[in-house]
Amino acid sequence: MIPHPYIQDPEPNPTPLPFTEPWEYELAFPRDPRGPGIARTTLRAVLNAHGLLELSDRAELLTSELATNSVRHSKGPASVRLRWTHPVLRVSVTDTCPYLPVPLAPPAAEAEDGRGLFILDLVSDEWGGCALGDSLLGPGGKTVWFELALKPGTPPPPPPALAA
């Protein structure tokens, strides 16, 4: 086989990104009740692979809240984006519903829903949202995000072994 002059062979074993190096992952899912569970599982796998298990429980809870709201309140697909900029993890959930969530009065103790924004406010370090404009492909939607920061002085994890 003759090598192509513009395509170089990839490094056989790339070096894992350093702990403080930025990265980003994105998962798109349809309007399906299984989507939030798949988003949680994916989030945990990514955070584990990058040595960020300290953030996993809080990130899973908040991602579950936002992804579940997307499935319940939008008419189309959604996506979850994870972005690491040491020492902050930002998780964004984007969907096709154009209405930003509005905090209401605290829910009654016996209420079965309506707690998502209160949980988001209590558990995240920061959170917010923004509307997306209409495009040629259809109506806009929104993105709701939260941030979790590592505690100062958290040592970086040992580099993980490369997966096959």
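These legends describe a series of views of one predicted model.

Because the model is predicted, local features need pLDDT of at least 70 and side-chain atom pairs count only at pLDDT 80 or more, while totals for chains, interfaces and linings use all residues.View 1. Helices (H or I, at least four residues) and strands (E, at least two) are DSSP runs, numbered from the N terminus. Along the sequence they follow the pattern β-α-α-β-β-α-β-β. Buried residues make up 32% of the 164 residues; buried means under 20% relative accessible area, exposed over 50%, and partly exposed in between, with a 1.4 Å probe and protein chains only. Among contacts with a separation of 6 or more, 63% are between residues 24 or more positions apart, where contact means heavy atoms within 4.5 Å. The chain exposes about 11,000 Å², and carbon and sulfur atoms supply 60% of it. Accessible areas come from the Shrake-Rupley method with a 1.4 Å probe; for residues, only the protein chains shown count as cover.

**View 1. The largest nonpolar core holds 28 residues.** Such a core is a set of buried Ala, Val, Leu, Ile, Met, Phe, Trp, Tyr and Cys residues joined through side-chain atoms within 4.5 Å. The members that touch the most other members are W23, L52, L82, W84, L89 and F146. At least two core residues come from each of β1 (23-29), α1 (35-49), α2 (53-73), β2 (78-85), β3 (88-95), α3 (116-123) and β5 (142-149). Helix α2 gives the largest share, six residues. In soluble globular proteins, nonpolar side chains tend to be buried together.

**View 2. W23 and L52 are in contact with each other.** Leaving aside neighbours within four places in sequence, W23 is in contact with L17, V46, L47, H50, L52, L82, R83, W84 and L89. L52 is found in the loop between α1 and α2 and is buried, with a relative accessible area of 1%. With neighbours within four places again left aside, the contacts of L52 are F19, W23, L47, W84 and L150. From C-alpha to C-alpha, L52 and L89 are 9.2 Å apart in space, and they are 37 residues apart in sequence.

**View 3. The buried residues of α1 are G35, P36, A39, L43, V46 and L47.** They cover an arc of only 95° around the axis, which puts them on the same side of α1; the arc is that of the directions from the helix axis to the C-beta atoms. These buried residues pack against β1, α2, β2 and β3. The 15 residues of α1 should span 21 Å at 1.5 Å a residue, and the end C-alpha atoms are 21 Å apart, which agrees. The expected span is 1.5 Å times one less than the number of residues. In helix α2, S64 counts as buried at 16% relative accessibility. Not counting residues up to four places away in sequence, S64 touches P36 and R40.

**View 4. Strand β5 pairs with β3 and with β4.** Two strands pair if DSSP finds at least two bridges between them. β3 and β5 are antiparallel and share eight bridges; in this pairing, V91 has F146 of β5 as its bridge partner. Strand β4 (residues 126-131) also runs antiparallel to β5, and six bridges join the two. G128 has W145 of β5 as its bridge partner. Seven of the eight residues of β5 are buried. In a regular strand the side chains alternate between the two faces of the sheet.

**View 5. The buried residues of α3 are G116, L117, L120 and V123.** They cover an arc of only 145° around the axis, which puts them on the same side of α3. The cover over these buried residues includes α2, β4 and β5. Exposed residues D121 and L122 sit on the face of α3 turned away from its buried side.

**View 6. Two backbone details lie at G51 and at the bond between H86 and P87.** Just after α1, G51 takes a positive phi of about 70°. A cis peptide bond joins H86 and P87, with omega about 5°. P87 is found in the loop between β2 and β3. Most residues other than glycine have a negative phi, and most peptide bonds are trans.

How values were computed. Residues are numbered from 1 along each chain as its sequence is written. Side-chain values use heavy atoms; hydrogens and water are left out.
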